Amino acid sequence: AFLGTTAHLHDDNLWITRRHLAPLGKAVSMEALASVDEVKRSRMYQEIFREIDSLHGCGIAIAEQSGSFGAMLFMRSQQEGAFEDSELKLLDATAPHVMRATQISNLLAHADRQVRGLESASDHLNFGMLLLDGKCRILFANALGEEMLVSGVLTSGVTGQLTTAHPRFAGRLRGFLD
């Protein structure tokens, strides 16, 4: 929700417009990007950060590829003051780990989109499809495969292994699985 409220401020976001001053994986204080007075004049401060009493910030650029930019930002009030060098060093120590976690998260999200696409495509097949592991346990069933399981033509027994109580298919299934 917070990102949704800032989309119209993209061109006024100092972390984005001055990202060339924030090397990838290196903690940077807001003061390295702009003076406190400049921050206070920004639309981002006027519309968002002033409301939540946040003036001082620091962050780490954690991703930049294909025109997109990601950063982990920390903000605090004017009263709490600017982030100190010792705090920036702590963030520097975490940067490689956060960057790797972000890469892994992006890879998993991509894989999840691919799996959902394959699942959706398999539901349009005109035959039942089951994916089994080495012990004949059902890992996946497309829509018609699920119908076969629900109707009882195929079952996953107590052990989770694919079985059938249907005499016509029992021999063929045993032969197929062996």
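Modeller: Residues are numbered from 1 along each chain as its sequence is written. Because the model is predicted, local features need pLDDT of at least 70 and side-chain atom pairs count only at pLDDT 80 or more, while totals for chains, interfaces and linings use all residues; side-chain values use heavy atoms, with hydrogens and water left out.

Biologist: What volume does the largest cavity have?

Modeller: A cavity is a set of points, on a 1 Å grid over the protein atoms alone, where a 1.4 Å probe fits but cannot get out, and lining residues have an atom within 4 Å of a point. Points are joined across faces, edges and corners, and a volume is the space filled by probe spheres set on them. The structure holds one cavity of 30 Å³ or more. The volume of the largest cavity is about 60 Å³.

Biologist: Which element gives the largest share of the lining of the largest cavity?

Modeller: The lining consists of N13, L14, W15, M30, V39, S42, M44, Y45, F49 and M75. Helices (H or I, at least four residues) and strands (E, at least two) are DSSP runs numbered from the N terminus, and those that give two or more residues to this lining are α2 (14–17) and α5 (43–49). The largest share, three residues, is from α5.

Biologist: How many charged residues are in the lining of the largest cavity?

Modeller: Ala, Val, Leu, Ile, Met, Phe, Trp, Tyr, Cys and Pro count as nonpolar, Asp, Glu, Lys and Arg as charged, and the others, Gly among them, as polar. The lining has eight nonpolar and two polar residues, and the number of charged residues is none.

Biologist: In β5, which residue is the bridge partner of L131?

Modeller: Two strands pair if DSSP finds at least two bridges between them. Strands β4 (residues 130–132) and β5 (residues 138–141) are antiparallel and share three bridges. Their hairpin has five residues between the strands, and C136 there has a positive phi near 65 degrees. The bridge partner of L131 in β5 is F140.

Biologist: Is S122 buried or exposed?

Modeller: S122 belongs to helix α6 (residues 85–122). With contact meaning heavy atoms within 4.5 Å, S122 touches M129, F140 and N142, residues up to four places away in sequence not being counted. Buried means under 20% relative accessible area, exposed over 50%, and partly exposed in between (1.4 Å probe, protein chains only). The relative accessible area of S122 is 5%, so S122 is buried.

Biologist: What is the phi of D53?

Modeller: D53 sits in the loop between α5 and β2 (56–65). D53 is partly exposed, at a relative accessible area of 48%. In this residue, which is other than glycine, phi is positive, near 55 degrees.

Biologist: What distance separates the C-alpha atoms of H8 and M44?

Modeller: H8 is in the loop between α1 (2–6) and α2, and is partly exposed at 47% relative accessibility. H8 touches R43 and E47, not counting residues up to four places away in sequence. H8 and M44 are 36 residues apart along the chain, and their C-alpha atoms are separated by 9.6 Å.

Technical notes: On a 1 Å grid over the protein atoms alone, a cavity is a set of points where a 1.4 Å probe fits but cannot get out, and a pocket is an open set with protein on both sides within 12 Å along at least five of seven lines; lining residues have an atom within 4 Å of a point.
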